[in-house]
Amino acid sequence: MLKLNAIHQDKIWGYERWIASTHRDGCQSEFLSFYGKDYPLIVKVIQANEALSVQVHPDDALAKQLEGENERGKTECWYVLDAQKDAKLIYGIKKGVSKEQIESAIKAGNLEEKMNYVSVKKGDFVFIPAGTVHAIGGGLRLMEVQQSSNTTYRLYDYNRGREIHVEKGLQAVKTDTLLPIEQFKGEFDCPYFSLKKHNVKSSATFEKSVEVRLFYTISAESGAKITCGEKSESVSAEDIFAVSSSESIEFNGNLSLMEIVAK
């Protein structure tokens, strides 16, 4: 078992905490040694005080084509940890809007008019397949699970002076039907990762697994702890632990956990 130390990255809109990563842009050396190879996911906590850029990520095939043979695409998801009243996300584009219309809107500076805005609240879950145009609004704190990629194509950035990637971004855009945004139902599975939420009221034991697992603490009351073999540690909200496939663990106390498994 390994408690992971976050890598903090300040942004113009707030900050990110990379809490599980072996990516070159934010590698936790202890986690790399523990896992023994490149970990295929990045897990972050995102604090958005202001809106992020309107952006899109490539899928695996396009990432290799545009960024290099060793690059991954970026399918991701968000679990809303906290949300101010009336907090919103951009989640896809409005029905019937074409890529050509998106390009025209970027040039005209009114891309926001073509976007699909969705209100969100604490506990909501958002799945963002590669190719989905999206943006995190201000007043949100999220846990993000994503493929291990740092490739982002900005389509619009509120005139903040950062680079815009129109040509690559338009190649990446897909208009597939998206899942509804709603309260997390307890489990989620996609080709890149699986998530399972556990609400521990007194104690819970997790037996050995065939995969390395991450346990992220959504919330924890005072006195909560994790025990693995001879090792025991206190647990607080937003802690994350990596557990090897050969270990069983026990949580004690009142806490809520997200179990994350890479594929």
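I began with E259, whose side chain makes a polar contact of 2.7 Å with the side chain of H198. For a polar contact I took a pair of N or O atoms within 3.5 Å; within protein, one must be able to donate a hydrogen and the other to accept it, and residues adjacent in sequence count only if both atoms are side-chain atoms.

Before going on, I noted that this is a predicted model, in which local features need pLDDT of at least 70, side-chain atom pairs count only at pLDDT 80 or more, and totals for chains, interfaces and linings use all residues. Residues are numbered from 1 along each chain as its sequence is written, and side-chain values use heavy atoms, with hydrogens and water left out.

**Entry 1: around E259**

I placed E259 in strand 22 (residues 255-262). Strands here are DSSP runs (E, at least two residues), and helices are runs of H or I with at least four; both are numbered from the N terminus. Is E259 buried or exposed? E259 counts as buried because its relative accessibility is 12%. The cut-offs are under 20% relative accessible area for buried and over 50% for exposed, with partly exposed in between (1.4 Å probe, protein chains only).

I then listed the contacts of E259, leaving aside neighbours within four places in sequence. They are S194, L195, K196, H198, F206, R213, L214 and F215. Contact means heavy atoms within 4.5 Å.

I counted two strands as paired if DSSP finds at least two bridges between them. Strands of a sheet pair through backbone hydrogen bonds, either parallel or antiparallel.

Next I checked strand 17 (residues 213-220). Strand 17 is largely enclosed by the rest of the structure, because 6 of its 8 residues are buried. Strand 17 runs antiparallel to strand 20 (residues 240-243), with 4 bridges joining them. R213 faces V243 of strand 20 in this pairing. Strand 17 also pairs with strand 22, antiparallel, over 6 bridges. Here Y216 has M258 of strand 22 as its bridge partner.

**Entry 2: pockets**

I searched a 1 Å grid over the protein atoms alone. A pocket is an open set of points with protein on both sides within 12 Å along at least five of seven lines, a 1.4 Å probe that fits but cannot get out marks a cavity instead, and lining residues have an atom within 4 Å of a point. Grid points are joined across faces, edges and corners, and a volume is the space filled by probe spheres set on the points.

The largest pocket holds about 410 Å³ of space. Its lining has 25 residues, and E16, Q55, N150, T152 and R154 lie nearest the centre. Several strands each supply at least two lining residues, among them strand 3 (14-20), strand 4 (41-48) and strand 12 (153-156). By class, the lining of the largest pocket has 7 nonpolar, 8 polar and 10 charged residues. Ala, Val, Leu, Ile, Met, Phe, Trp, Tyr, Cys and Pro count as nonpolar, Asp, Glu, Lys and Arg as charged, and the others, Gly among them, as polar.

The second largest pocket has about 230 Å³. Its lining has 15 residues, with G92, I93, T175, D176 and L178 nearest the centre. Strand 7 (residues 88-93) gives the largest share of this lining, 3 residues. The classes are 5 nonpolar, 6 polar and 4 charged.

**Entry 3: loops**

I found E71 in the loop between helix 2 (60-67) and strand 6. E71 is buried, at 13% relative accessible area. Its side chain joins that of R24 in a polar contact of 2.9 Å. Beyond neighbours within four places in sequence, E71 contacts R24, D60, A63, K64 and T151.

K85 sits in the loop between strand 6 and strand 7. K85 is exposed, with a relative accessible area of 77%. Its C-alpha atom is separated by 8.9 Å from that of V120, 35 residues apart along the chain.

D86 is in the loop between strand 6 and strand 7. D86 is exposed at 58%. Its phi is positive, about 70 degrees, although D86 is not a glycine.

N159 lies in the loop between strand 12 and helix 4 (166-172). N159 has a positive phi near 60 degrees and is a residue other than glycine. At 75% relative accessibility, N159 counts as exposed.
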